[in-house]
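Hello,

Here is the structure I promised to pass on. Please open it first, then read my notes below.

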Protein chains: 2
Amino acid sequence: MTGIERLSLNQKTVNRCTAPEAIDGCLAAGVPAIGLWREPVQETGVRRAAKLVRDAGLRVSSLCRGGFFTAEEGPRRRAALDDNRRALDEAAELGAPCLVLVVGGLPDGSRDLPAARQRVIGALAELAPYAAERGVRLALEPMHPVYCADRGVLSTLGQALAIAEEFPTDRVGVVVDTFHVWWDPEVFAQIERAGPRIASFQVSDWITPLPADVLLGRGMMGDGHIEFAPLRAAVDAAGYRGDIEVEIFNADVWAREPGEVMGTMVERYLDTVCG
Amino acid sequence: MTGIERLSLNQKTVNRCTAPEAIDGCLAAGVPAIGLWREPVQETGVRRAAKLVRDAGLRVSSLCRGGFFTAEEGPRRRAALDDNRRALDEAAELGAPCLVLVVGGLPDGSRDLPAARQRVIGALAELAPYAAERGVRLALEPMHPVYCADRGVLSTLGQALAIAEEFPTDRVGVVVDTFHVWWDPEVFAQIERAGPRIASFQVSDWITPLPADVLLGRGMMGDGHIEFAPLRAAVDAAGYRGDIEVEIFNADVWAREPGEVMGTMVERYLDTVCG
């Protein structure tokens, strides 16, 4: 059985909260872990946020996010890689075990998808030693194919694993996010293959119709079409013992009172993910 | 080289045209083939539409569409299968070599994706002998994963092939539609695997941002992110010699004057698909 002891609030679920507010929210709701985002953490200050999390006794399950390094060689790519190094510094200071990587879409005007995918490997090769020095794992997140052109050219767990497997297991892992992978006919086989490569497990639901902004298409568990328990069981069977983050991008959820959202989150998590 | 001699107008691209208007449009634009849709054909009358196409000397590349047979056993499933038999009768009368199948999404209230996928196999087993009697091939269309919940639970070409391969090649084939498969890291390998299973090749582009109604998210070739020539070359190398249908669901395209749309279609087809 999995209960609230593995639940993590991804900060994006309470998007209008500051980092201190999100931390307080976890304490109030009995949620023992938090997935942090760089922008609100920077607003609070990385050092202060790290201290607040430590003082609250919360685990940090991940830092979101790095990546966006599919540009061709040149100043944009260099800037992206530098920014990823800063993100790794922040993750280390925050005590985050992994940095979630959304790799980026096709560069503007390019239709060369194989080349963009190849550049992901090059970026990882540059970042992996730096990440290892800081004790932070790079966590490749395959994205739902609806985002292939403009957000993430890694489209399946199998594809992310094929890339991750070029690196040591403790340096490069993968994110299993139900929203991104639920449709994949290979998902259970690939979760089994992933085994110790699973660096993060995130949950949110696939709702229909998709809202006009597909970035905000994620639903609270139970509001959509995903059957969570078999995916959670598969991730468990693969040996993952880490936190389970609830990460919801949704304008309606964001409009609600954050404490209420966290209450619903706990309830739905216990019903659908643990149930 | 491939030129206009393999180009087919899928009727959906000129959505406001009647079947006779679409046929006239093909003649005016020098397009030698047409992919028909059941609804406008029924408005014209199947027999009359069949005669018009024959008299015009056009090939019929496909009939769209059958499928939507993922319901659990009961009256809805029976009605769906009966409707597919009628579609096969129509395809035979129209001289269409294949019936394109959009298999359907999750039944209302169900989250059992593996079961819905399994029911696709059962439906094909029922329909395949009927289709063979009428000389019409069933053409399974894997759909972009954005439609998995509500339109089509077959999400990859590999998955469609695994199902098709349970049946004789001449009875069950697959549709390769660039819009649905372009993102798939396995697409070239699966096109090669498909070989003589390719029953139809359809093209339209992936545009961003997606419009609010994702069903209307397809763009004219060249307006989006897909590199068509390598996909066309792969389909050719797999042995496909049939027509290449341009099928565009897009409110802006539909608002334009159909003759102008067809002119653009021919030009873009030659530039991007044949180029």
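**How the two chains meet**

Chain B and chain A share six residue pairs in polar contact, both residues at pLDDT 80 or more. A polar contact is a pair of N or O atoms within 3.5 Å; within protein, one must be able to donate a hydrogen and the other to accept it, and residues adjacent in sequence count only if both atoms are side-chain atoms. On the side of chain B that touches chain A, 14 residues are nonpolar, eight polar and six charged. Here Ala, Val, Leu, Ile, Met, Phe, Trp, Tyr, Cys and Pro count as nonpolar, Asp, Glu, Lys and Arg as charged, and the others, Gly among them, as polar.

This is a predicted model: local features need pLDDT of at least 70, side-chain atom pairs count only at pLDDT 80 or more, and totals for chains, interfaces and linings use all residues. Side-chain values use heavy atoms, without hydrogens and water, residues are numbered from 1 along each chain as its sequence is written, and chains are lettered from A and ligands numbered from 1 in the order written.

In total, 28 residues of chain B are in contact (heavy atoms within 4.5 Å) with 28 residues of chain A. 100% of the interface residues of chain B are also interface residues in chain A, so the copies meet through the same surface.

How are the copies related? A rotation of 180 degrees with 0.0 Å of shift along its axis superposes chain B on chain A, with RMSD 0.0 Å (least squares on the C-alpha atoms of residues with pLDDT of at least 70 in both). That is the relation of a two-fold axis. In chain B, the C-alpha of B:Ala212 is nearest the axis, 2.0 Å from it.

Best wishes
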